[in-house]
Amino acid sequence: MDSLFNPDILLPTLVGLPLIAAILTTLLKGPGLRASISIAMALIQLIIVATLLLWFSNNGTNLETQYQRYSLGGWGAPLGIDLAIDGFSALMLALTAVLTLVLTVYSRYYFFEPHSRLDKTARFWPLWWLLIMGINALFLSGDIFNIYVTLEIIGLAAVSLVALDGSRAALTAALRYLLVGLLGSLCYLLAVVLLYRAYGTLDLAQLNAIAEPTAITWAALALITTGLLLKTALVPLHFWLPLAHGSAPAPVSAILSALVVKTSFYLLARFWLDTLAPAATDYGLLMLGVLGAAAILWGSIQALRATRLKLMVAYSTVAQLGYLFLLFPLFSPDEGARGAGLSGPAVSAVGYFIVAHACAKAAMFLAAGNIMRTFGHDEIARLHGLAKYMPLSLFTFAIAGASLIGLPPSAGFLSKWLLLNVAIDTAQWWWAIIILMGGLMAAMYVFRVLNSAFISVDENAQTEPKNLPTNKLPTMMSLCAFLLAMLTVVLGFNAELILDLVTVGEDV
């Protein structure tokens with residue numbers, strides 16, 4: 001039976017399946033057929049990832065299986081291409097599969113415009129699956145050059161999806177996103193050159209074993225950090241994110257915020273705490289934490305000042321990303337030897353936070369997209385009567401907002417509670433203050449929207465015609481957003497499923 005759950009066969013499938021979907025949706029005609037193929041492919045991908053997780057639950061406590069590798073063509077490192085998976089990357093793949101399925105179903109209705117001559121699905125679905133392929137390949141890549149290739153695939157597909165609407169704002173945001181992404185990729189590629197020159201290998205595991213705190217290694221780590229911080233949009237390098245996420249179609253905004261910006265953070269965590277850990281200094285870890293704290297405060301302030309709903313949610317992403325970077329100062333050698341893998345209380349807390357934030361932020365962007373589709377705008381000051389006309393979308397927004405705030409019993413509450421515990425246990429109480437302040441500021445901008453939504457339209461008779469719904473929303477679009485919001489509640493009662501996966505092999 002164990003052979004049925006051997007990931008050697010499944011790992012390349014997670015890269016090939018989205019590529020096949022991209023090709024099919026390019027060749028096939030008709031928006032309905034493309035959507036049906038995409039939903040079927042998303043479901044198959046989820047089944048494959050579920051099989052991988054089942055295999056990990058049965059075998060992940062063994063030393064030989066905590067970090068599984070697959071060599072394409074049998075070559076192996078350093079000459080061949082290796083795919084690798086451990087508990088943390090398995091968690092990210094599972095999150096990708098779940099969000100892909102829900103967002104694919106949502107997109108089937110979002111882009112279905114029977115009275116429009118312009119078929120956006122002809123461009124959307126191939127780009128969508130190229131993006132998914134890049135994300136899966138990044139989480140499975142076993143060497144730093146293939147990671148560069150996946151970063152380029154993700155970046156180009158994401159930029160094209162942002163520009164899909166063709167509006168002036170979308171094209172401007174896409175161009176800025178493209179230039180920032182190319183600069184970040186160039187920094188990363190220069191680091192690849194330095195590391196290959198110094199160590200003669202590009203394999204992550206081999207670099208982990210032989211990397212030393214030399215000038216070249218420090219320079220490479222600095223270049224990697226600069227490039228990935230640009231892609232993650234950490235303050236003060238966040239200038240491209242609000243416009244890009246705020247101008248993109250709702251499902252694109254959802255996946256950008258929930259997954260794409262997390263890919264570069266995932267790599268930062270890998271390089272700083274595992275692959276190039278010998279070159280990581282306490283000062284560098286502290287500085288990353290300080291930038292994270294600044295992002296929490298600055299992003300929250302900008303979300304409070306935003307006048308558009310999607311722009312507010314985008315600035316909220318800037319703020320929430322800051323929590324992830326608290327991993328670096330909270331991670332210590334006491335949790336487990338640096339370079340021995342991503343494990344420990346801080347890693348578990350951040351891994352859980354990634355899942356909680358991804359579900360909540362995707363739900364919030366979909367709810368915002370539903371509101372914009374129905375009302376024809378997303379100006380917060382003009383959302384009076386929203387509670388009357390769109391109760392389910394508003395309820396979805398409220399549940400997702402509660403998770404971002406950190407209210408029980410949501411997954412957001414548990415993730416922040418875990419971070420607070422780590423901060424207190426490591427006697428770094430100042431991070432606890434930042435976490436609490438971020439939660440209070442999140443409450444302010446979430447309740448600002450809810451307050452506007454519950455104001456009766458009758459109290460604003462002079463603007464009533466502008467506040468009435470103008471379009472009918474498909475029920476499935478509301479249900480998809482609601483499902484993601486409810487996931488944040490369900491995960492709040494089942495934290496062990498995620499925490500156990502992140503810590504696979506930790507006690508070995």
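**Packing of helix α16 against helix α20 in the predicted model.** Helix α16 (residues 391–405) packs on α20 at an angle of about 25°, and the two axes are 9 Å apart. α16 is therefore roughly parallel to α20, a term for angles under 35 degrees, with over 145 counted as roughly antiparallel, 65 to 115 as roughly perpendicular and the rest as oblique. Axes are lines fitted to C-alpha atoms, for helices over the stretch in contact, and angles run from 0 to 180 degrees between N-to-C directions. The two helices cross in a left-handed sense (the near helix is turned anticlockwise from the far one by less than a right angle; clockwise is right-handed). On the α16 side, L392, S393, F395, T396, I399, A400 and S403 take part, and they meet S478, L479, A481, F482, A485, M486, T488 and V489 of α20. Because this is a predicted model, local features need pLDDT of at least 70 and side-chain atom pairs count only at pLDDT 80 or more, whereas totals for chains, interfaces and linings use all residues. Residues are numbered from 1 along each chain as its sequence is written, and side-chain values use heavy atoms, with hydrogens and water left out.

**Packing of helix α3 against helix α20.** The axes of α3 (residues 87–110) and α20 (residues 475–492) come within 8 Å and cross at roughly 160°. The two helices are therefore roughly antiparallel to each other. The crossing of α3 past α20 is left-handed. From α3, the residues V98, L99, V102, L103, V105, Y106, Y109 and Y110 meet M476, M477, C480, L483, L484 and L487 in α20.

**F397 within the largest nonpolar core.** This core (buried Ala, Val, Leu, Ile, Met, Phe, Trp, Tyr and Cys residues joined through side-chain atoms within 4.5 Å) has 179 residues, and Y188, M312 and F397 have the most contacts inside it. Helix α14 (residues 345–375) gives the most to this core, with 21 residues. Leaving out residues up to four places away in sequence, F397 touches L309, M312, V313, M364, A367, V446, V449 and L450; contact means heavy atoms within 4.5 Å.

F265 counts as buried because its relative accessibility is 0% (buried is under 20% relative accessible area, exposed over 50%, partly exposed in between; 1.4 Å probe, protein chains only). Apart from its neighbours within four places in sequence, F265 is in contact with T232, L324, F325, L327, F328, V350 and I354. The C-alpha atoms of F265 and A233 are separated by 9.7 Å, although the two residues are 32 residues apart along the chain.

**The R270 to D86 side-chain contact.** R270 also belongs to helix α10 (residues 250–275). R270 counts as buried, because its relative accessibility is 8%. Its side chain and that of D86 are joined by a polar contact of 2.6 Å (a pair of N or O atoms within 3.5 Å; within protein, one able to donate a hydrogen and the other to accept it, residues adjacent in sequence counting only if both atoms are side-chain atoms).

**F375 in helix α14.** With a relative accessibility of 3%, F375 counts as buried. F375 and M390 are 15 residues apart in sequence and 9.8 Å apart in space, C-alpha to C-alpha.

**The chain as the setting for these views.** The chain has 21 helices and 2 strands (DSSP runs numbered from the N terminus: H or I, at least four residues, for helices; E, at least two, for strands). Of its 508 residues, 58% are buried.
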